[in-house]
Amino acid sequence: MLNDIYITGNCVISDNVVCRNGQSLFEQKEIGLPDFLIAAYHYFDINYPKFYKMDVVSKLGLLAAEIILKDNFKIEQYKAEDVGIVLSNANSSLDTDIRYFDTVKEMASPALFVYTLPNIVIGEIAIKHKLKGENAFFITEKFDGTFLKQYVTNLFTNGVVQACICGWIEALGEQYKTVLLLIEKNKRDNAVVFTIENINKIYDN
Amino acid sequence: MDKLIADLKAQIIEQLNLQDTKPEDIGDDQPLFNEGLGLDSIDALELIVLLQQNYKIKLSNAEDGPKVFKSVKTMAEYITEHQPKIV
C-alpha cells in the first residue's frame with residue numbers, strides 16, 4: 001500500500017505575478033503576457049535562448065518548472081525515467097493554432113507549427129531538465145483537481161514514477177493561468193499531503 | 001555582397017527569434033548549425049521560408065540545404081546566384 005505522497009513545491013503564475021509556495025517572487029503589471037513572460041525569464045536568469053522561440057503555453061510551463069525545481073529538487077536522487085510530467089488545460093494549443101492559422105494565409109511558419117500540440121510543453125520541460133519519465137497531457141473543461149490526484153497517485157501506486165511534475169497550463173490570448181505542483185514520496189519542509197483539498201487550495205489561491 | 005550579408009544577419013535574427021544575438025555576433029563564415037550558431041532542424045525550415053519570403057527563391061532540391069545554409073556567406077552566394085533578375 002502506498003503511503004502518503006506530498007506536494008513538495010508549487011508555482012502559480014497568473015495576473016502577471018509569479019508565486020512559489022504561496023510567496024510572490026516576481027510581479028509586473030501593466031504589460032501584456034508576451035512581455036511579462038520575457039521579463040520573468042530575465043528576472044529568474046534562466047539563460048535558455050530557446051525560450052524566445054516557444055509558444056505561450058511552453059513558456060509558462062518552462063518558467064513554472066524552472067521555479068519549482070530550482071533550489072528545491074535534487075534531480076540526482078532520481079533516475080530520469082522515474083520523474084513524470086502530467087499536465088492539463090482547457091484550450092489545448094488553440095492559442096498557437098490561431099497564430100499559426102494566421103501565418104498560413106501567407107506562408108506557414110514551421111516554428112509555430114511545432115507548437116500546435118498541447119503536449120509540446122512536456123517535451124520542452126523534459127529536454128530542459130533531462131527528464132524521461134511517464135508523461136501525459138489531458139484536456140478538461142476546467143481545472144480538475146480530483147482527476148489530477150487520481151491519475152498521479154495511480155502512477156506512484158504502480159511504481160511508474162518516484163516524482164512527478166503535474167498541474168494546469170492554460171493560455172488563450174491574454175487569459176492565462178499556470179499551476180504546477182512537484183509531487184514526491186519524501187516529505188520535506190513546507191510539504192503538504194497530496195490531497196484533492198490541498199491541490200484545489202493551491203489552484204484557488 | 002557585404003550589404004547582403006549584413007541584411008541576412010538581421011533577417012536571420014528576426015526570423016529565428018534569436019533575441020540574445022546581435023548581427024556582429026554572427027561571423028560571415030561561422031557555421032549556422034551545430035557547434036556554430038546552434039540552429040536546429042526547425043530553424044532550417046525557417047531559413048527556407050526566409051529565402052522564399054525575402055528573396056523569392058525556392059530551394060527546390062533539399063539536398064542543397066546543408067551547402068546553402070552552411071554559413072551566412074554561403075547563403076549570400078546562393079542568393080546572388082539564384083535571385084530572379086528584374087528586367
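At roughly what angle do the axes of helix α1 and helix α2 of chain A cross? The legends below take up this pair and several other views. The structure is a predicted model, in which local features need pLDDT of at least 70 and side-chain atom pairs count only at pLDDT 80 or more, while totals for chains, interfaces and linings use all residues. Residues are numbered from 1 along each chain as its sequence is written, and chains are lettered from A and ligands numbered from 1 in the order in which they are written.

**View 1. Helices α1 and α2 of chain A.** The axes of α1 (residues 33-43) and α2 (residues 56-69) come within 11 Å and cross at roughly 30°, where axes are lines fitted to C-alpha atoms, for helices over the stretch in contact, and angles run from 0 to 180 degrees between N-to-C directions. Helices (H or I, at least four residues) and strands (E, at least two) are DSSP runs, numbered from the N terminus. The two helices are therefore roughly parallel to each other, given that angles under 35 degrees count as roughly parallel, over 145 as roughly antiparallel, 65 to 115 as roughly perpendicular and the rest as oblique. On the α1(A) side the contact is made by A:Leu33, A:Leu37, A:Ala40 and A:Tyr41, and on the α2(A) side by A:Val56, A:Lys59 and A:Leu63, two residues being in contact if their C-beta atoms, placed from the backbone, lie within 7 Å. By class, this contact has six nonpolar, no polar and one charged residues.

**View 2. Helices α6 and α7 of chain A.** Helix α6 (residues 145-157) and helix α7 (residues 196-204) pack at an angle of about 130°, with their axes 9 Å apart, and that makes α6(A) oblique to α7(A). Here A:Gly145, A:Thr146, A:Leu148 and A:Lys149 of α6(A) meet A:Ile196, A:Ile199, A:Asn200 and A:Tyr203 of α7(A).

**View 3. Two loop residues of chain A with positive phi.** A:Ser92, in the loop between β4 (83-89) and α3 (94-104), has a phi near 50°, a positive value in a residue other than glycine. A:Ser92 counts as partly exposed because it has 19 C-beta neighbours inside 10 Å; a residue is buried if 20 or more other C-beta atoms lie within 10 Å of its own, exposed if 12 or fewer, and partly exposed in between, with C-beta atoms placed from the backbone. A:Lys130, in the loop between α5 (120-129) and β5 (135-139), has a phi near 55°, which is also a positive value in a residue other than glycine. With 9 C-beta neighbours inside 10 Å, A:Lys130 counts as exposed.

**View 4. The surroundings of A:Glu81.** A:Glu81 is found in the loop between α2 and β4 of chain A, and its 13 C-beta neighbours inside 10 Å make it partly exposed. Leaving aside its neighbours within four places in sequence, A:Glu81 is in contact with A:Lys132 and A:Gly133. The C-alpha atoms of A:Glu81 and A:Ala163, which are 82 residues apart along the chain, are separated by 9.9 Å.

View 5. Chain B has four helices and zero strands, and along its principal axes the C-alpha trace spans about 40 × 25 × 20 Å. Buried residues make up 22% of the 87 residues in chain B. The contact between the chains takes 10 residues from chain B and eight residues from chain A.

Note on methods: Nonpolar A, V, L, I, M, F, W, Y, C, P; charged D, E, K, R; others polar.
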